[in-house]
Amino acid sequence: MVVSKKFKYEEVLVLKHGYGFVGSPKLFAHLFFVDGLLIDTGQFKARNNIVSDTNDLKIDQIFITHHHEDHTGNIIPIKEKHRCKVLGSEACMQLMKAPPKLSMVQKLIWGNREPYHDIIPVGHVITTPKHSFDVIPVPGHAPDMVALYEPKKQWLFAADLFINTYIGYFLDTESIAEQIASIKHILPLDFKVMFCSHNPQLKNAKQQLAKKLDFLESTFDNVSALHQKGHTAIQIFKELKLKENWPVKIASMGYLSKMNMVKSIIRDIQKK
């Protein structure tokens, strides 16, 4: 079942799509369109709806925030329909030539995505006829992830930097230390709205991102203290009374789990 909705915030058109392989969707991906610029292309599982929603848009350029499948699932059909250029970071360009394999649960929720070889790497700024967007690296969730910031409008297109004020499960490739650094880099910016790809924050955006930072720093400190005492990842998980999302962990064969959050912190500590 595919659910599609749309709404506008100032000049920004928000396209919201979710797919549920059993019943209504639990997760949604958001695309953002402003002044000829489409930010991300959504998931393959909602391809027909997403491509149809772009029919009446004059898309001059697509910007890909990072290589994950819920952001890159429809690059090819949208590019072919609108004959537009596709932009992204240098790292995103390289990763999309041969995207990493996906777990079963990712394929079920979002669907796969095709390799794409023609992303044009951008520098520090991209422009549209009316706007100028700063391109800001925000690694941690993905090594190639970037945010877009329009200072005059106080818009932050945050990709997956926020998602929520807490973490339900974690990719085994993520880094909490890098996420903390990325959020600290973003928070001083003057933004009033945060266009998160899964959970847009149209009010109190800075406060919500600050809460996410508090959660990450608190979790990092708690895990670090127990790790220094010689506790294993399993012992730390139990000591902090963390709860695993077992259906997600099993379906993803461990690629997505809350235990990955603990292991990420231990990795980050050991790197130092």
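Visitor: Where does methionine 253 lie?
Guide: Keep in mind that this is a predicted model. Methionine 253 has a positive phi of about 55 degrees, although it is not a glycine. As for its place in the chain, it lies in the loop between helix H9 (246–251) and strand E14 (256–257).

Visitor: Which loop holds asparagine 204?
Guide: Asparagine 204 is a residue other than glycine with a positive phi, near 55 degrees. Its loop is the one between E13 and H7.

Visitor: Which are the edge strands of the open sheet of seven strands?
Guide: That sheet has mixed pairing and runs in the order E1-E2-E3-E4-E5-E6-E7. An edge strand here pairs on one side only, and that describes strand E1 (2–9) and strand E7 (120–121).

Visitor: Which residue in E6 does isoleucine 62 stand opposite?
Guide: Strand E5 (residues 61–63) and strand E6 (residues 85–88) run parallel, with three bridges joining them. Across from isoleucine 62 you'll find valine 86.

Visitor: Is glutamine 43 buried or exposed?
Guide: Glutamine 43 sits in the loop between strand E4 (37–39) and helix H1 (47–53). Leaving aside neighbours within four places in sequence, its contacts include His17, Tyr19, Ile50, Asp70 and Trp110. Buried means under 20% relative accessible area. Glutamine 43 comes in at 0%, so it counts as buried.

Visitor: What do the buried residues of H3 pack against?
Guide: Start with who they are: in helix H3 (residues 75–82), the buried residues are Ile75, Pro77, Ile78 and His82. Just after the helix, arginine 83 takes a positive phi of about 50 degrees. The buried residues of H3 pack against E4, H1, E5, helix H2 (69–72), E6 and helix H4 (90–97).

Visitor: How many residues of E11 are buried?
Guide: Look at both ways its residues point: Trp155, Phe157 and Ala159 go one way, and Leu156 and Ala158 go the other. Both groups are buried. That leaves E11 mostly covered, with the count of buried residues at five of five.

Visitor: Which residue stands opposite tryptophan 155?
Guide: E10 and E11 run antiparallel and are joined by three bridges. They form a hairpin with four residues between them, and glutamine 154 in the turn has a positive phi of about 60 degrees. Opposite tryptophan 155 stands glutamate 150.

Visitor: What is the bridge partner of alanine 159 in E13?
Guide: E11 is also joined to E13 by three bridges, and these two run parallel. For alanine 159, the partner in E13 is cysteine 196.

Visitor: At roughly how many degrees do the axes of helix H6 and helix H7 cross?
Guide: Two packed helices are described by the angle and the distance between their axes. For H6 (residues 176–186) and H7 (residues 205–228), the axes come within 10 Å. The crossing is left-handed. Its angle is roughly 150 degrees.

Visitor: How many nonpolar residues does the contact of H6 with H7 have?
Guide: H6 brings residues including Ile176, Ile180 and Ile183, while H7 brings Leu209, Leu216 and Phe220 among them. Sorted by class, the contact has one polar residue and three charged ones, and its nonpolar residues number nine.

Visitor: Which element gives the most to the largest nonpolar core?
Guide: This core has 37 residues, and Leu156, Ile176, Leu209 and Val262 are among those that touch the most other members. Elements giving two or more residues include strand E10 (146–150), strand E13 (193–196) and helix H10 (259–271). With seven residues, the one that gives the most is H7.

Key. Residues are numbered from 1 along each chain as its sequence is written. This is a predicted model: local features need pLDDT of at least 70, side-chain atom pairs count only at pLDDT 80 or more; totals for chains, interfaces and linings use all residues. Side-chain values use heavy atoms; hydrogens and water are left out. Two strands pair if DSSP finds at least two bridges between them. Axes are lines fitted to C-alpha atoms, for helices over the stretch in contact, and angles run from 0 to 180 degrees between N-to-C directions. A crossing is left-handed if the near helix is turned anticlockwise from the far one by less than a right angle, and right-handed if clockwise. Contact means heavy atoms within 4.5 Å. Ala, Val, Leu, Ile, Met, Phe, Trp, Tyr, Cys and Pro count as nonpolar, Asp, Glu, Lys and Arg as charged, and the others, Gly among them, as polar. A nonpolar core is a set of buried Ala, Val, Leu, Ile, Met, Phe, Trp, Tyr and Cys residues joined through side-chain atoms within 4.5 Å. Buried means under 20% relative accessible area, exposed over 50%, partly exposed in between (1.4 Å probe, protein chains only).
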